Amino acid sequence: MILFLLKLVAGMALVVLSVIIALMYEGVDRVVHARMQNRIGPPVLQPVYDVIKLLGKESIVPRRAVPWLFNGAPWLAAVAAMMVILYIPIGSLPPILTGSGDMILIVYLFALSAVSMVVAGFASGSPYANVGAQREMVLMMSYELPLALVICTLAWAAYRLGLPGHPFSTETYMIMPLWSALGKVGIVGMCALLLALLAVVPAETGKVPMDIPEAKTEILEGLIAEYSGRNLAMFKLAFAIRTLTMCAFVVALFFPWSLGRALGFSGFGIYFVDFFWFWIKVFIMQILGVTLLRTSFGRFKIWQASQFYWLNVSSLAVAGMLLISLDIFL
């Protein structure tokens, strides 16, 4: 009972902290994006101001909407995204919730958040939201394949190499990174898997060049066109937290190295240093994997995005899988 209460308190504290960090990183992302375009940009705290303002406003339900789906979908999307952080190790700290299939559950939670947005689009009764929901479904069916290939390849490699822990547990990769257990060919394969997963990040987080379901200049925010007030605030939180947790997921799988141990710390010092080091790595990942990409590229068309993930990114993931398999067997 005491352990349950401790995990409950720790989980609530981590969720609150992740919400704050997600909004702060979102603000920095907007400033860096603006500076890269030779603009000043909004204040760093602008996303916080936006969410607080929206939480104090009324949520208007359109006449043609399905009220219980329209009001429930934003909350489910945000809660599903928040749950992901509980299954990710923070530095040298093990995840608050852990088991034998964490990585599979994380993929399902991301999918649940995306499906909630699809439901929200269809439930709003708006033709713009309907188009956005259809685009989101097509995009999901496209990027889920390379994402699954990366996850399954990492788990299979961890199993074949005998890494301590369950191959589908995120904690396994914190204890012993795969990089150190593979040869040169396997490391090239890991690089291919990393690039494939980084290509999935914009689609999973709804950022340019994969913000096709929202597309402000085409379908007027698409999925969330009819949302306002508290419901819109929950969607803003869902997008920000999905970005943070997806970057944290990439860091946990591919960059779990401990700075505290490298600097010679021990005991509490390792946990303290690695805790801050983890959020720094997540910030760097968000700048490189989200901000830089959305500044450098224009929005894809939906058929281009689908082709990109089914052919290019999936092929890259398969190449990584084959290289790692060759390294292990040879």
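**Pockets, a cavity and cysteines**

Reply: Gladly! By class, 11 nonpolar, no polar and one charged residues make up the lining of the second largest pocket. This is a predicted model, where local features need pLDDT of at least 70, side-chain atom pairs count only at pLDDT 80 or more, and totals for chains, interfaces and linings use all residues. Residues are numbered from 1 along each chain as its sequence is written, and side-chain values use heavy atoms, with hydrogens and water left out.

Me: What is the difference between a pocket and a cavity?

Reply: On a 1 Å grid over the protein atoms alone, a cavity is a set of points where a 1.4 Å probe fits but cannot get out, while a pocket is an open set with protein on both sides within 12 Å along at least five of seven lines; lining residues have an atom within 4 Å of a point. Grid points are joined across faces, edges and corners, and a volume is the space filled by probe spheres set on the points. The whole structure has one cavity of 30 Å³ or more, and the largest cavity has a volume of about 80 Å³. The largest pocket holds about 670 Å³, and its lining divides into 10 nonpolar, three polar and 13 charged residues.

Me: Why is Cys-152 called partly exposed?

Reply: Buried means under 20% relative accessible area, exposed over 50%, and partly exposed in between (1.4 Å probe, protein chains only). Cys-152 has 44% relative accessibility, so Cys-152 counts as partly exposed.

Me: And is Cys-247 buried or exposed?

Reply: Cys-247 has a relative accessible area of 1%, so Cys-247 is buried.

Me: How do you know that Cys-247 is too far from the closest cysteine sulfur for a bond?

Reply: A disulfide is a covalent bond between the sulfur atoms of two cysteines. To count here, the pair of sulfur atoms must be within 2.5 Å. The closest cysteine sulfur to that of Cys-247 is in Cys-191, 18 Å away, so the gap is too far for a bond. The structure as a whole holds zero disulfides.

Conventions
Ala, Val, Leu, Ile, Met, Phe, Trp, Tyr, Cys and Pro count as nonpolar, Asp, Glu, Lys and Arg as charged, and the others, Gly among them, as polar.
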